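Let's take a look at this one together, starting with its disulfides and then moving on to its core.

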Amino acid sequence: PAMAPRALVSAVVAATAVGFGVQRRELIGSLAFAPVIAAAPAESKVWISGKNPDGPNKNGDTKGTKRDFNYLQCLSGCVSVCQKPVVGVAEKDRATCLNECRDQCCATYEQCTYNIPF
């Protein structure tokens, strides 16, 4: 079986570092060809008017929706940081912070476009 590109690079770096007696970190920093190595291109998904290209989610599956746990956790953390008082800067209201944070945390069409009630 073929090795994944990342695993292959790790194996080459480890073997080369041992062979030359240098630290792995030093070797990684000196590699000139590292940016050339890339993962195999993934198939692109076609998004048609906001519909999920993978089909509808299974019952109870919230991944990629506005109720996705990771999305809500990111949104919550971002809003709390956004609303922290900073000396010399006007305090932002929750609605402004939610809109700014939604743009930072969203990963799907649904997450990026739904209207957040205030």
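In this predicted model, a search of the whole structure turns up four disulfides. If you number the bonded cysteines of the protein chain in sequence order, they pair up as 1-6, 2-5, 3-4 and 7-8. Here are three of those bonds, including their sulfur distances and torsions.

| Disulfide | S to S distance | Torsion about the S-S bond |
|---|---|---|
| Cys-74 and Cys-105 | 2.1 Å | about -75 degrees |
| Cys-82 and Cys-97 | 2.2 Å | about -75 degrees |
| Cys-106 and Cys-112 | 1.9 Å | about 90 degrees |

Take Cys-74 and Cys-105: with that torsion, the bond is left-handed. Cys-74 sits in helix H3 and Cys-105 in helix H4, so the bond ties together parts 31 residues apart in sequence. Cys-74 is partly exposed at 34% relative accessibility, while Cys-105 is buried at 12%.

The bond between Cys-82 and Cys-97 is left-handed too. Cys-82 is in helix H3 and Cys-97 in helix H4, so this pair links parts 15 residues apart in sequence. Both of these cysteines are buried.

The bond between Cys-106 and Cys-112 is right-handed. Cys-106 is buried, with a relative accessible area of 18%, but Cys-112 counts as partly exposed at 31%.

Now for the core. The largest nonpolar core has 12 residues, among them Cys-82, Cys-97, Cys-105, Cys-106 and Tyr-114. Helix H3 (69–82) and helix H4 (94–105) are the elements that give two or more residues to this core, and H3 supplies the largest share, five residues. As for Tyr-114, leaving aside residues up to four places away in sequence, Tyr-114 touches Lys-66, Tyr-71, Leu-75 and Arg-102.

Conventions
Residues numbered from 1 in each chain as written. Predicted model: local features only at pLDDT ≥ 70, side-chain atom pairs only at ≥ 80, totals over all residues. Heavy atoms only, no water. Core = buried A, V, L, I, M, F, W, Y, C linked by side-chain atoms within 4.5 Å. Buried < 20%, exposed > 50% of the residue type's maximum accessible area, 1.4 Å probe, protein only. Helix = DSSP H or I, 4+ residues; strand = E, 2+ residues; numbered from the N terminus. Contact = heavy atoms within 4.5 Å. Disulfide = S-S within 2.5 Å.
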